[in-house]
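Good morning, and thank you for making time for this presentation. Please look at the structure on the screen before we go through it together.

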Amino acid sequence: MFIVNYIKNIFKGVKSLLVGMRRTGYYFTHHKEIITQQYPDNKETLNLPERFKGEVVLIHDENNEHACTGCTACELACPNATIKIVTKFDITAEGKKKKALDKFVYHLELCTMCNLCIIACPTDAIKMDQTFEHSVFDRKELTKILNKPGSKIRDGVE
Amino acid sequence: MWSFSNIADSIQNWLNQTFSATWSLVMQMLIAGIAVISLFAILGLVLVLMERKVSAWMQIRLGPNRVGPKGILQTLADTLKLLVKEGLTPAGADKILFNLAPVLALVIGMLLMAPIAFAKDFQLWNLNIGVLYISAVSSVMVISILMAGWASNNKYSLMGAMRSGAQIVSYELSAGLSILTIVVLCGSLNIPDIIYSQADGWWIFKGHIPAIISFVIFIIAVTAETNRAPFDLAEAESELTAGFHTEYSGMKFALFFLAEYVNVFIVCAIGATLFLGGWMPFHIGQWESFNRVMDYIPSSIWFFGKTFFLIFLIMWFRWTFPRLRIDQLLNLEWKYLLPISMINLLLVTVIAILGWHF
């Protein structure tokens with residue numbers, strides 16, 4: 001019985017290897033279809049996959065308003081301290097103090113594009129953009145302030 | 001007719017007539033050395049480009065296509081880059097061993113080139129124990145890897161080197177046993193004798209199923225011996241960064257890289273010599289007219305064609321199969337390849353004694 005299993009194992013192993021080799025052999029002989037993109041040549045017609053993640057951006061609408069409440073959920077969710085939220089206190093119409101976003105500091109050079117901050121955000125204020133040409137000569141340029149100057153929180157977002 | 005052996009003979013005659021016997025010998029040695037080194041350089045360029053193209057086509061990519069027409073100058077550009085890079089020696093490393101290891105790896109490749117017959121009657125050194133010499137010298141290969149791993153003073157290097165040692169020592173056995181089947185069949189260790197014994201058909205056809213089994217085992221074992229995927233545990237990019245050559249850079253790394261490809265070429269040349277008849281054209285028994293037509297193709301083209309076919313096969317393995325774990329690797333050798341090749345050797349011995357082969 002041991003011998004039968006032994007020989008069966010050999011034939012099963014050889015067969016599975018041959019199946020794999022047939023697959024790659026097929027690709028080798030039919031190299032018409034190319035799955036990679038010829039990047040610098042097709043810059044205009046670049047077709048990125050839907051789930052490709054390039055960098056974190058704060059979504060602003062046409063009135064220069066965003067949905068970030070400064071709750072720091074993204075900062076807490078980030079595994080390598082990529083995000084730093086600086087908050088300030090606004091005075092509301094009723095004269096109350098209210099916590100609001102001052103600076104959304106984003107260190108692109110530390111970011112691993114893990115998407116945890118986007119999942120953590122309760123108001124869907126941030127998203128992953130698909131830009132990927134991030135090379136710069138000075139790493140200081142990779143530390144970005146994501147909220148645009150003069151932007152404020154959209155009304156009704158708590 | 002134009003052939004490698006004629007050229008070699010005429011050079012030797014000219015040297016013997018022009019210089020004294022001693023100087024003629026010295027110059028012949030120099031020419032042989034230069035020829036081997038330039039063969040190495042060409043092999044490095046061609047095989048690396050071939051590997052990159054084959055891998056690209058198997059993975060539905062294009063591969064190198066920017067430098068030169070269709071990317072054929074890519075490896076030349078890479079070589080230039082490696083030549084101008086700094087060859088760093090780490091401060092904690094054993095300096096002598098660290099710098100000696102890559103040279104040793106290449107020297108062993110050169111030693112292995114000596115008994116290989118590249119064309120009809122064209123060989124650097126015709127010694128009567130050629131096959132034994134090859135299997136003896138190729139097992140020294142492990143020393144250069146162990147030396148590199150030990151001298152680097154780095155845990156990844158050491159682990160890669162130790163794995164490589166375990167691997168080469170175990171797979172040497174089944175490679176040796178499968179070489180032995182052909183030695184048993186033709187009754188000689190001399191490489192020209194082995195090739196001439198295949199004049200009426202290659203051993204892979206003449207030796208029935210046992211020859212095919214030993215050919216398969218030989219290919220698996222030499223893939224493991226040259227540390228190529230799926231047996232590349234010595235390097236294992238994802239776990240050990242680069243294994244034994246983690247600390248090497250510049251030209252010293254390039255020597256290891258070159259030695260890997262030269263070793264692939266050598267083991268494939270040996271496989272082609274033993275199982276596919278070396279430079280012997282494709283002959284079928286006593287079909288005189290068919291054999292004569294095949295003889296019109298030069299013997300060097302037959303040799304390099306077969307060798308590159310086997311190299312392609314090994315590249316095909318590399319880009320198809322996933323890497324084995326260390327326990328699976330040793331299981332495969334000690335539980336499967338070694339018992340099978342031992343029984344196979346017994347079978348071949350019976351066939352050879354009773355004269356059942358063609």
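Predicted model: local features only at pLDDT ≥ 70, side-chain atom pairs only at ≥ 80, totals over all residues.

Is B:Leu324 exposed, partly exposed or buried, and why? B:Leu324 counts as partly exposed because 18 other C-beta atoms lie within 10 Å. The cut-offs are these: a residue is buried if 20 or more other C-beta atoms lie within 10 Å of its own, exposed if 12 or fewer, and partly exposed in between, with C-beta atoms placed from the backbone.

Residues are numbered from 1 along each chain as its sequence is written, while chains are lettered from A and ligands numbered from 1 in the order in which they are written.

Let me stay with chain B. B:Leu324 sits in the loop between helix H14 (299-318) and H15 of chain B. Helices here are DSSP runs of H or I with at least four residues, strands are runs of E with at least two, and both are numbered from the N terminus. Leaving aside neighbours within four places in sequence, B:Leu324 is in contact with B:Pro230, B:Phe231, B:Leu329 and B:Leu332; contact requires that the C-beta atoms, placed from the backbone, lie within 7 Å. Between the C-alpha atoms of B:Leu324 and B:Leu30, which are 294 residues apart along the chain, the separation is 43 Å.

Helix H15 (residues 326-354) of chain B holds B:Leu345. That residue, B:Leu345, is partly exposed, with 17 other C-beta atoms within 10 Å. Not counting residues up to four places away in sequence, B:Leu345 touches B:Leu177, B:Leu180 and B:Thr181.

Turning to helix H2 (residues 21-58) of chain B, we find B:Trp23. B:Trp23 counts as exposed because it has 12 C-beta neighbours inside 10 Å. From B:Trp23 to B:Trp287 the distance is 47 Å, C-alpha to C-alpha, and the two are 264 residues apart in sequence.

Now to the interior. In soluble globular proteins, nonpolar side chains tend to be buried together. A nonpolar core, as used here, is a set of buried Ala, Val, Leu, Ile, Met, Phe, Trp, Tyr and Cys residues joined through C-beta atoms within 7 Å. The largest such core has 81 residues, and those with the most contacts inside it are B:Ala221, B:Phe265 and B:Cys268. Helix H12 (residues 250-275) of chain B supplies the largest share of this core, 17 residues. Another core, of 17 residues, lies apart from it and includes A:Cys78, A:Tyr106, A:Ala125 and A:Leu146. As for B:Ala221, its contacts beyond four places in sequence are B:Tyr171, B:Ser174, B:Ala175, B:Ser178 and B:Leu337.

What does chain A look like? Chain A is divided into domain 1 (2-35) and domain 2 (55-153), with bounds that come from an automatic or database domain assignment. The centres of these two domains, taken over C-alpha atoms, are 50 Å apart.

Chain A also has an open sheet of 3 strands in the order S3-S4-S6, with antiparallel pairing. Strands count as paired if DSSP finds at least two bridges between them. The edge strands, each pairing on one side only, are S3 (83-91) and S6 (143-145) of chain A. S3(A) and S4(A) pair over 9 bridges; A:Asp90 has A:Lys98 in S4(A) as its bridge partner, and A:Ile83 stands opposite A:Tyr106 in S4(A). In their hairpin, with 5 residues between the strands, A:Gly95 takes a positive phi near 85 degrees. Strand S4 (residues 97-107) of chain A pairs with S6(A) over 3 bridges. Here A:His107 has A:Thr143 as its bridge partner, and A:Val105 stands opposite A:Ile145.

Finally, the two chains meet: 13 residues of chain A are in contact with 10 residues of chain B. Thank you for your attention.
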